[in-house]
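Good morning, and thank you for coming.

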Amino acid sequence: MSEIKKATRDGFGEEIVKLGKLDNDIYVVDVDIGKSCKTGEFRKQLPKQYLNVGIAEQNAAGVAAGLATCGKVPFVVTYAVFGSLRMCEMIRQEICYPKLNVKIACSHGGVTPANDGASHQSIEDMGVLRTIPNMTVLMPADYNSAKKLVKAAAEYEGPVYLRFTRDAIPVIYPEDAVFEIGKANKLKDGKDVSIIANGDTVSIAMKAAEQLEAQGVSVKLLDMHTIKPLDVDAVMECVNETGRIITVEDHNIMNGLGSAVSEVAADTGKCVVKRIGIQDQFGQSAPYERLLEMNGITVENIVDTAKALVK
């Protein structure tokens with residue numbers, strides 16, 4: 001893992017410009033927060049493929065749906081809390097029901113907005129959207145994976161929700177890393193306990209795995225960048241090879257990654273799953289690291305949870 005830190009929203013901003021230059025059917029539908037969501041360069045270089053509808057997410061969803069019916073590939077760009085909840089009805093009725101080729105690219109996922117406070121910390125977005133039929137839900141773990149998954153989303157036919165971080169997080173992957181929607185990336189193999197993480201918690205899980213290995217606990221570690229469709233085969237491998245799973249997410253433990261993994265594991269009747277994430281509570285206006293600590297999303301808690309499971 002690199003010492004370099006970059007926000008995944010930066011990876012999105014750079015990649016969407018590259019994709020837009022290669023394909024003039026790719027559009028950005030902005031809601032007047034391009035500076036925060038990193039679409040300023042797209043607007044500057046590709047003005048004919050850029051639409052700013054103002055602070056009106058529901059309208060943006062309708063505009064994007066219309067573009068998709070004309071063969072365009074629109075990316076609605078906003079904050080996660082608005083791109084999921086404020087747009088929810090439009091996403092269901094106008095995008096997912098007709099299975100239109102619309103991408104919803106959202107920055108400020110989880111508690112990374114930190115000092116912006118609870119109103120801007122989107123803790124339930126992936127859970128809400130994964131319950132809607134035809135929706136694909138992605139969260140990259142670093143800057144390089146963000147670029148790869150944006151490209152994958154653009155090439156994928158159908159609705160996609162992409163969740164990015166506001167704050168800089170460690171760069172994990174090399175530039176040539178391979179990503180496939182619906183396929184987890186195995187970062188480490190092990191036989192005692194499995195840790196399945198996504199987004200900004202992957203780097204935390206990696207540090208925990210290092211500490212556990214040093215203490216004699218063999219860890220299997222997955223980056224589950226796609227929550228829907230979940231990589232069921234990867235989860236089943238964890239069930240069969242370790243029988244113990246810890247999920248780690250910057251999201252409510254209800255209906256997010258932990259719930260998705262538990263749904264698969266429960267059907268087997270032979271695996272214990274412990275969920276680490278936002279403890280079904282709103283955040284506060286506080287530093288990002290403090291908010292993670294408040295919810296037990298820490299190296300220490302992952303290590304202690306794993307050791308207790310193995311014991």
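Which residues does serine 84 touch, not counting residues up to four places away in sequence? They are Ile91, Ser122, Asp125, Leu129 and Tyr161, where contact means heavy atoms within 4.5 Å.

Before I continue, a word on the source: this is a predicted model, in which local features need pLDDT of at least 70, side-chain atom pairs count only at pLDDT 80 or more, and totals for chains, interfaces and linings use all residues. Residues are numbered from 1 along each chain as its sequence is written, and side-chain values use heavy atoms, with hydrogens and water left out.

Serine 84 belongs to helix α5, residues 80-86. Helices (H or I, at least four residues) and strands (E, at least two) are DSSP runs, numbered from the N terminus. Serine 84 counts as buried because its relative accessibility is 0%; buried means under 20% relative accessible area, exposed over 50%, and partly exposed in between, with a 1.4 Å probe and protein chains only. A polar atom of the serine 84 side chain lies 2.7 Å from the backbone oxygen of alanine 80.

Let us turn to helix α4, residues 57-69. Its 13 residues reach 19 Å from the first C-alpha to the last, close to the 18 Å expected at 1.5 Å a residue; the expected span is 1.5 Å times one less than the number of residues. After α4 comes glycine 71, with a positive phi near 90°.

My last topic is a sheet. Five strands form an open sheet of mixed pairing, in the order β9-β11-β10-β13-β14; two strands pair if DSSP finds at least two bridges between them. At the edges are β9 (185-188) and β14 (272-278), each pairing on one side only. Strands β13 (residues 244-252) and β14 run parallel and are joined by six bridges. Asparagine 252 has isoleucine 278 of β14 as its bridge partner.

Thank you for your attention.

How values were computed. A polar contact is a pair of N or O atoms within 3.5 Å; within protein, one must be able to donate a hydrogen and the other to accept it, and residues adjacent in sequence count only if both atoms are side-chain atoms.
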